[in-house]
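Hi everyone, thanks for coming.

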Amino acid sequence: MRKRIAFLYLAMSLSAFGVSQAQQLSIDQQYRTTSTKVNNLVHTKLDVRFDYKNQFLNGKEWITLQPHFYPTDSLRLDAKGMDIKQIALVNGQQLVPLKYTYDDNSLLIKLDRNYLSNEKYTVYLDYTAKPNLLKVQGSAAINDAKGLYFINPDERTANKPRQIWTQGETEASSAWFPTIDRPNQKTTAEISMTVLDHYVSLSNGALVNQQKNNDGTRTDTWKMDLPHAPYLFMMAVGDFKIYRDKYNNIPVDYYLEPKYAPYAKDIFGKTPAMMDFYGKTLGVPYPWNKYAQIVCRDYVSGAMENTTATLHGEHVQKTKRELLDENEEGTIAHELFHQWFGDLVTAESWSNLTMNESFATFGEIIWHEHDGGKEKGDKSRFEKLQSYLKSTQNGNSPALARYYYHDKEDMFDHISYAKGSLILYALKEQMGDTAFYQSLKKYLTENSFKTGEPQQLRLAMEEVTGKDWAPYFNQWYYKGGHPILNVTHKNENNTLVLNIDQAQDSSVQTFQLPLTIDIYTKEGKISKTVQLNKRTTQLTIPLASPPEFIDIDPQKTLVGEIRIDKSDADYRYQYKHAPSFTNRLTALLFAMKNPKTTVGQEILTAALADPDADLAAMAIQGTDPTDPAVRKSTVNIIASLAEKSTASVVRASAIRKLGQIKDKKYKNLLFNGVKDQSYMVIASSLMAIKDAYPDQLQQAAKNIDPEASEYLKSLLTDLSKL
């Protein structure tokens, strides 16, 4: 329910309170440069064993490197909180000890001689990683940074699986193996894990060997032949059941706890279709040899796009009944799109995180649009715009490509994710789909297995289109904020006069942007596109007849705010005659604030049949059953929705409203609701019975099936106390 409830709460909060104020982060004055490459990672070979009692990793590593350009006689590796037992140069079959210094965070190794840029060398390390002893801090997006996690290692917690998993982003892989832990490094890899024989393992690339040992363990070797960044390395170990799917000849596997294995296809089943859609849209087929998704307990974030092996938090793991109310399709799409943007081409530095996260969030939008139609894409964009706007104040926000920040973790915010995705979508609309996706293909192809930043994207777009896109990138990537357009209008002798003021804070840039305006008259719709380039713009548009409605930015691609006074008739008109998702939602929000007006009641009644389930549920919530006229015109519709709607959120809202109405005519609907398959509907039915028939609540609770009783245990416990 989290996603749906979050959406409804968001819409209600916007209606009641407007956009909230931002929490401004302090910005350091230090310019954040891309990490200098002295040595380049070439190949990383790991042999690891797990100490469950101490929650340590005992590792052996062979790391092959090559000077980037200048000769060097030293190597610096990131290695957080480890016991370093041996460091040596691999010389044929011999290990030549190397001198080093270590400050518990960084290893400085003195090589045996100067190495030139055309020479490779291999260093051997024997070490123990002790992640639980690290004193590290995460971020709002990734709440811990110790790299390696032992879940229920002593098996003392009942009904909780014993697992091991890793989390590398941003620079936490160096908590479990020494490396150059920077996003502008890439390396091939081979990881051998010795695990208890009854457990399953997962890592990047292909499982190339499994060797049973004499002590009840097994050594699994995973090989990654294509280079990727150290933060994308992953391991997972535990009691997982694997569902084998495929896309063309590429294995597509889903790793779940045994309890959820029967629902693997229900949870992840659209993955092959997503791979097909993204590959064809980008003109770059899925670039890796497999794609696996695994669900782990106590994960420190939402999900992580490890190359070929995405790790999800347990919230994605749902039964078929839970999926009736909520799914994590957006997250699944987001992490998959990262396999191109983030994994194939990686952000050169955390300042350029937009090249990872903005694209992955954009990937969510275009998948929803492809799979569910334009309406679903519009809804996804609306949600992302609101999440961004709620983090701002008076149009102020940091730049998308941010070279000054307090901490790299601060980059994981609504700007890098939501705002960046909308900037990309608006650019696609300006450029046209064909040119836009050809540009993305060029960017991906030219930078495969390397790194990227916005300038490379811009140059690819300019080469494809022949147009200078620097003004767009300077405005949206390298400067912050967004436009706030205050629009006033009047009709003078069938000439529409529009005044558009950019009202964002004076410290925010003046935006140059195209703005489309749809003008509805009795003769039809007139569309005008104007270029805004100053703080105040006045437009005069001759018309054959007075305007009936003015729709500013009808496609809702503006990354900003539009403020325009509207009459009751305007809201009625936009819901009926200009019914984009955003127009319908804003009309509905008006109606919910004004439910006793004629227009408010009219919109609420119409919205009961809205094609979007969340909007229909909002309309049900907004109706006022104490008003006899409203009750007479809507209660039968609500009752029909409670009984027949295919959307659980609509049935749940309708039953809850019927409980407030307290009409015995609909009593059976409330009591039948506790037998629904949807947990959301059952919960709403119980709350409705509590409102209308409190003396029969405990008897109704006994009619709930055992599976639902277990799922709703805490709610039933609370209700039993009433």
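Let's start with helix 10, residues 454–465: twelve residues, reaching 16 Å from the first C-alpha to the last, close to the 16 Å expected at 1.5 Å a residue. That expected span is 1.5 Å times one less than the number of residues in the helix. When I say helix or strand, I mean DSSP runs numbered from the N terminus, with H or I over at least four residues for helices and E over at least two for strands.

Before going on, a word on where this comes from: the model is predicted, so local features need pLDDT of at least 70 and side-chain atom pairs count only at pLDDT 80 or more, while totals for chains, interfaces and linings use all residues. Residues are numbered from 1 along each chain as its sequence is written, and side-chain values use heavy atoms, with hydrogens and water left out.

Back to helix 10. Which of its residues are buried? They are P454, L457, R458, A460, M461 and E462. Buried here means under 20% relative accessible area, exposed means over 50%, and partly exposed is in between, using a 1.4 Å probe and protein chains only. The cover over those buried residues includes helix 6 (354–372), helix 8 (415–431), helix 9 and helix 11 (470–476).

Eight strands make an open sheet, in the order 5-4-8-2-1-11-14-13, with mixed pairing. Strand 5 (94–97) and strand 13 (206–212) sit at the edges with a single partner strand each, so one side of each has no neighbour in the sheet. From one strand to the next, the twist averages 20 degrees. Two strands count as paired if DSSP finds at least two bridges between them.

Inside that sheet, strand 4 (82–91) and strand 8 (121–129) run antiparallel and are joined by seven bridges, with L89 opposite V123. Strand 13 pairs with strand 14 (217–228), also in the antiparallel sense, over six bridges. There, N209 has T221 as its bridge partner. Their hairpin has four residues between the strands, and G216 takes a positive phi near 85 degrees in it.

Next stop, strand 10. As a reminder, side chains in a regular strand alternate between the two faces of the sheet. So what about the faces of strand 10: buried or exposed? Both are covered, with Q163 and W165 buried on one side and I164 and T166 buried on the other. Strand 10 pairs antiparallel with strand 9 over four bridges, where Y149 partners W165. Strand 10 also pairs antiparallel with strand 15 (235–238), over three bridges, and I164 stands opposite V237 there.

The loops have a few things to look at too. N152, between strand 9 (148–151) and strand 10, has a positive phi of about 50 degrees although it is not a glycine. N152 is also buried, at 9% relative accessible area.

Last one: Q504, in the loop between strand 24 (495–502) and strand 25 (513–521). Q504 is buried, at 3% relative accessibility. Setting aside neighbours within four places in sequence, its contacts (heavy atoms within 4.5 Å) include N394, H482, F511 and R535.

Definitions and conventions. Axes fitted to C-alpha atoms, helices over the stretch in contact; angles between N-to-C directions.
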